[in-house]
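Hello,

Here is the structure we talked about. Please open it and keep it beside this email as you read.

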Amino acid sequence: MLNQVILIGRIAHDPELKTLEDGRKVSEISLAVQRAFKNLDGEYDCDFIKIVLWEGLATSTENYCKKGTMIAVKGRLQTWKKELDDDAKLNMLEVIGERITYLQNSKVKEPHQE
């Protein structure tokens with residue numbers, strides 16, 4: 001069996017690193033991925049895909065990427081269910097990033113110098 005996805009696009013907002021109660025680091029980014037065909041108006045539509053990054057990937061993406069940076073993401077799809085107030089269930093789908101390739105050189109943060 002195989003669960004693999006590769007996406008190339010631009011980061012839609014600056015990555016924000018969060019530290020969970022157990023000390024793990026996580027970041028969620030939204031990747032704007034242009035479709036390969038034009039719509040009826042002759043323009044390319046774009047899909048905004050949520051990608052979850054953990055630990056080292058989350059840290060390096062926050063340090064080296066900003067809104068508009070082009071990256072390639074290799075990852076896997078993951079599903080989970082959320083129960084709503086009216087006894088309905090919502091099935092969610094997200095991409096868990098496993099590897100990032102920076103397609104644009106744009107270091108965001110300068111190293112601390114004394």
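First, one definition: a residue is buried under 20% relative accessible area, exposed over 50%, and partly exposed in between. Arginine 76 has 31%, so it counts as partly exposed. Keep in mind that this is a predicted model.

Now the salt bridges. The structure has six of them. Side chains of opposite charge can pair when their charged atoms come close.

Arginine 76 pairs with glutamate 98, with 3.2 Å between the closest N and O atoms. Arginine 76 is in strand β5 and glutamate 98 in strand β6, so this pair ties together parts 22 residues apart in sequence. Glutamate 98 is partly exposed, at 44%.

Lysine 50 and glutamate 28 make another salt bridge, at 3.7 Å between the closest N and O atoms. Lysine 50 sits in β4 and glutamate 28 in β3, so parts 22 residues apart in sequence are tied together. Glu28 and Lys50 also belong to a salt-bridge network with Glu94.

Aspartate 22 meets arginine 24 at 2.8 Å, N to O. Aspartate 22 is exposed, at 52%. Arginine 24 is partly exposed, at 39%.

Next, helix α1, residues 55–64. Which of its residues are buried? They are Leu57, Ala58, Thr61 and Glu62. Seen down the helix axis, they fall within an arc of 130°, so they line one face of α1. Their cover includes strands β1, β3, β4 and β6.

Last, the surface. Ile6, Ile8 and Leu103 form a nonpolar patch there, with about 300 Å² of accessible area together. Isoleucine 8 belongs to strand β1.

Best wishes

How values were computed:
Residues numbered from 1 in each chain as written. Predicted model: local features only at pLDDT ≥ 70, side-chain atom pairs only at ≥ 80, totals over all residues. Heavy atoms only, no water. Buried < 20%, exposed > 50% of the residue type's maximum accessible area, 1.4 Å probe, protein only. Helix = DSSP H or I, 4+ residues; strand = E, 2+ residues; numbered from the N terminus. Arc of directions from axis to C-beta. Contact = heavy atoms within 4.5 Å. Patch = residues over 30% accessible without salt bridge, like charges linked within 9 Å, V, L, I, M, F, W, Y side chains within 5 Å. Areas by Shrake-Rupley, 256 points an atom, 1.4 Å probe, with all protein chains shown as cover. Salt bridge = Lys/Arg side-chain N within 4 Å of Asp/Glu carboxyl O.
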